[in-house]
Structures are given as C-alpha cells and as structure tokens.
Amino acid sequence: MKLMGIERVVFGVVDMAEGRRFLNDWGMRLVEEHAGCLLYQTADLGEIELMASTDPRLPKAIEPGSTVRELVWGVESPADLDEIESAVRAKSPGTPLERLRPDFLRLVDPMGLTLGFTPSKRTPTPLCAGQVADPAPRIDLEGKRYERAEPQRIGHIVFTTPDIDHVEAFYCTVLGFRPSDRYIGRAVFLRCKPEGEHHNLFLLKSPDAGSHMHHLAFGVRDIHEVFGGGMAVAQAGWPTVMGPGRHVISSCYFWYFKNPCGGAAEYYADTDWVTEKWQARELPQEPRYFSEWMLTEGVSRYDGVQRQSI
Ligand SMILES: [Fe+2]
C-alpha cells in the first residue's frame, strides 16, 4: 500500500468564529463554505475542514472540546484502498471498518480516532524538505521576507496516548508506517512511506488515561516564512505555545501557536528528508534532544526602539 501523507483534517470546533479567524490569520485559503462547514486548502491542495463540534455528521471525538474528528490519509491509487482493507481485516479483525464509497475507506484506530483513506489529489509543492528556497547565488537581489505565511502542506499530526506501543504496532504492522526515531519509552516519530519527510505522525505518552490531539504541523517554504508567518499570527493576537526554535530530531525550524480548532498549530521548515537508508535512533527524552535553540514567547517585528545603549 502506498500512503502519500495527510490529505485532510476535519475538526469539530466549539467556537466556529474563532476557528475561522485563526485559519484566516494562519494563511489558509478558504475555498468553500456550505451547510455549516468551512473548507480550507494549503498550497498543495491539502484540506482542513471545520464543523461545529456538536454537528451530528462528525465522527466521534477522542476527547471533549475542539479537536480533530477525522484524519484522512492520501493513497496513490484506489487499489491501495483494497490493500488497506485486506490488511486491516487480516491483521486487526476487530477494527471498525467501512468502505463508504469506492474511493473512500474509513476505519477507527486504537486511540478511537476516525481515519479516512482516499486517493490523493494533492499537488507536490515546489520545494521538498532539505532544499533551500533560493538555491541560486543571491547577487544584486534582496533576501526573502514574508508578511504572512502561506502554508504549503499539512506535514504531520501529533497525539498523546497512554499506550504508545499498542498504537505504534497498529500503524506499523497494519498500515505500513515505520519509525524514524524514538524517545525511549516516551514517544515515537512515524512516517507513512519509506522516503519523505522525517515524520507524518508523532505519538507521545499521554500524562493521563486518554488520547489527545497535541498539534498539527504546516510546512512552509523556509525559515523566513516561519518567522514572517509567526510574527503575523502573533500580531493578530494568537498566543505562542513555544518558539521560534529549531528541533534536534528532524532538524526543522518551528513556531507553535495555540489553535482554537484543537491542540496547537505549528509552522515548520527545513525538516530532514529520509529514505530507506535512514537508521532510526533511540534517544532519551532530554532537552538537548528536543531543541538546539528556542525562544519561549515568540519574537516580534522590530519596533524601532533600542532598549540598551551600546
Ligand atoms: Fe511538530
């Protein structure tokens, strides 16, 4: 089976107006609005769908409040859906599974999260990770600056869950994910295909008995877009959770904000691109493996004030 990445994330939100305001400020493109449902796209045609958390059309939530209600993975072709269906029936027979349409398969994972699978309609973004935005020598040209971000793709999603091993086993054994790295006994970074960005799914040990959405990450073009986008979001009044900074595992630049749709939202750029040759590491969960550097309360545009004399 060939999984391509995250195709669509459906959120059930308590406050639709706040959710809309956040995604607009985040730089998402609103492409459709009908019957209480807002559809946003990234540059590569990945989708975020917002509905009221009380909407009866939504699948069951894994937790109270605003959160993800359905996570849809893109596959290469309709034949992959048959393959996933057979793998689930053979290897995890108790899994709730439904072929809603010939091109859409739905199941429920061990966290209770509803997953969809459908042939991908996303278009590759011009840059993949590891490339720089402007590889040509810059002579007589200004460097890049962004007034706001335009999220290019939905890169990864993160959940906390009490039994990581059980959830990891399902994703790896049944759906063909593979571990890219691990914090021993605490967390695992998984990718949905042999070659691609370092992780598409990250599972962290939950501090309680429930599973929770932790964050959703949007790839942007380069570090300047992380800064430019982040400063615009901060200026619009959305609180920073942490960042900007640079992770050690996956090497990406990041900036996380509180997301009224559920969990946090992350801008990231320049993450590691791995292949079958990548050797998954087992590391202790220590600050030195979390961030090379990090600001905790964001950064703002220069306001013209010099606070100390030279
Ligand atoms: Fe992340």
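I call two residues in contact if their C-beta atoms, placed from the backbone, lie within 7 Å. With that, I found that residues 24 or more positions apart account for 69% of the contacts in the protein with a separation of 6 or more.

A note on the source: this is a predicted model, where local features need pLDDT of at least 70, side-chain atom pairs count only at pLDDT 80 or more, and totals for chains, interfaces and linings use all residues. Residues are numbered from 1 along each chain as its sequence is written.

**Overall**

I counted elements as DSSP runs numbered from the N terminus, helices being H or I of at least four residues and strands E of at least two. The protein has four helices and 20 strands. Its radius of gyration, taken over C-alpha atoms, is 19 Å, close to the 19 Å from the globule rule (2.2 Å times the number of residues to the power 0.38) for 310 residues, so the protein is as compact as a globular protein of that length. Along the principal axes, the C-alpha atoms fill a box of roughly 70 × 45 × 40 Å.

Next I checked burial. I took a residue as buried if 20 or more other C-beta atoms, placed from the backbone, lie within 10 Å of its own, as exposed if 12 or fewer do, and as partly exposed in between. Buried residues make up 43% of the 310.

**Two domains**

Domain bounds come from an automatic or database domain assignment. I have domain 1 at 3–119 and domain 2 at 153–294, with 19 Å between their centres over C-alpha atoms. Across the boundary, 33 residues of domain 1 are in contact with 30 residues of domain 2. On the domain 1 side, the elements giving two or more residues are strand S1 (3–13), helix H1 (16–26), strand S5 (67–75) and helix H2 (78–91). S1 gives the most, with six residues.

I take two strands as paired if DSSP finds at least two bridges between them. Eight strands form an open sheet in the order S2-S3-S4-S1-S5-S8-S7-S6, with mixed pairing. Strand S2 (29–34) and strand S6 (97–101) are at the edges with a single partner strand each, so one side of each has no neighbour in the sheet.

His 34 has Cys 37 in S3 as its bridge partner.

I found Arg 99 opposite Leu 105 in S7. Of the five residues of S6, the number buried is zero, so S6 lies largely in the open.

For angles I used lines fitted to C-alpha atoms, for helices over the stretch in contact, on a scale from 0 to 180 degrees between N-to-C directions. H1 lies across S1, S3 and strand S4 (47–52), at about 160 degrees to S4. H2 lies across S5, S6, strand S7 (104–108) and strand S8 (114–119), at about 25 degrees to S7.

Which strands form the edges here? The order is S19-S10-S11-S13-S9-S14-S17-S16-S15-S20, an open sheet with mixed pairing. The edges are strand S19 (281–283) and strand S20 (291–294), each pairing on one side only. Strands S14 (212–219) and S17 (264–269) run parallel, joined by five bridges. Phe 218 has Tyr 267 in S17 as its bridge partner.
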